[in-house]
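Please have the sequence and the model open while reading.

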Amino acid sequence: MRGAFKSFFLLLAAAALVYPLTPFRDVYVLHVLVLVMVYMVLAMGLNILPGFCGLLDLGFVGFYGIGAYTAGLLTIHYNMSFWLIVPLAAINGAFFGVMLGVPTLRLVGDYFAIVTFGFSELVVLFFTNEIWLTRGPLGIPGIAPVSIDFTWLASLFGVDSRWRYAFRGEVPYFYLGLLMVLLVYWGMRRLEDSRLGRAWLAIREDSMAAASCGVDLLAYKVIAFAVSAGIGAMAGAFFARWTLFISPDMFKFWESFLVLCMVVLGGLGNINGALVGAVILIALGEVLRVALPKLGLPTETRFLAYGLIMVLIMRFRPGGIFTQVAETTMQSGLIKELRAKLAARRTA
């Protein structure tokens, strides 16, 4: 059964890779697929905090917006290459993550969630009111698309010309987004199996027991916050160079809630679950966007559907769809030993 599922998954992945090159591809479908990839990266980034560390972050969209505006401003004013902007945006997001995390990560529970929510609102207010920098509600239009400079290749052939490929349409962004998802997924898998990832999981399971074992709670939480914020900012940089326009309305609190729904729906701490949650909710949103007007309902009614999904998940499957998968991913002997010790402490 497992082999059949793996074969089906590989077949589906191969079909997805070939689909953008086929003559019957649909531009709208490709646009939705690229949007799904953006939210996959966001879900994997947010999953670090509630999934690995047990911290409820309601302001993740703030780092998403910081990355988008970093990319937009650097492109408009300095005409920087996308390949340089992405790491700069990630570093900028991680910097603000550290600045927010150091004074606030000593808070726990609802207090920490309220602080992160306030941060996201401050970011949106900054984008809206600092017109001298961000153009305020008018947004930033005219962002240049992603391009690849092949001038160095022309010089190898002795040709004195400038070769540059500028992305047009959804197809090149589809493959660029797929590359971004794969890189983040690979990095998340490496983190999950690293000493850092084990420390995060220990903090999630029992912070007092982790501290007694020598884990520096504040340091590891700050690192988690910085990594999560950096991934969110990277997704924002891609989003800005894909849409070619950004405005403060794109980074409201609703985006944080939507990404959190993806993480909870897939299963906290489950990387694969975050990907599946992004696919389900974005696909559902697009279906409702088309179906609701035909039923005479406003498109905003889809928010009620998301809320209903969250209520049902919390009621019938609070661990998410892939709860058992999330548990089986922690196969490290050290994790098993730690979980056994924690269980013994609780029953003692």
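The sections below cover the basis of the model, the aromatic pairs and a helix residue.

## Basis

This is a predicted model, in which local features need pLDDT of at least 70, side-chain atom pairs count only at pLDDT 80 or more, and totals for chains, interfaces and linings use all residues. Residues are numbered from 1 along each chain as its sequence is written, and side-chain values use heavy atoms, with hydrogens and water left out.

## Aromatic pairs

A search of the whole structure gives 21 aromatic pairs. Rings of Phe, Tyr and Trp (its six-membered ring) pair if their centres lie within 6.5 Å; planes under 30 degrees apart count as stacked, over 60 as edge-to-face and the rest as tilted. Tyr64 and Phe239 make a tilted pair, at 5.7 Å centre to centre with 55° between the planes. This pair links distant parts of the chain, 175 residues apart: Tyr64 lies in helix H3 (residues 60-78) and Phe239 in helix H11 (residues 217-243). Helices are DSSP runs of H or I, at least four residues, numbered from the N terminus.

Tyr64 and Phe239 are both buried, where buried means under 20% relative accessible area, exposed over 50% and partly exposed in between (1.4 Å probe, protein chains only). Ring pairs also join a cluster whose members include Tyr64, Tyr69, Phe126, Trp242 and Phe251.

## Thr70

Thr70 is placed in helix H3. Thr70 counts as buried because its relative accessible area is 13%. Leaving out residues up to four places away in sequence, Thr70 touches Ala89 and Asn92, contact meaning heavy atoms within 4.5 Å.

Conventions:
Helix = DSSP H or I, 4+ residues; strand = E, 2+ residues; numbered from the N terminus.
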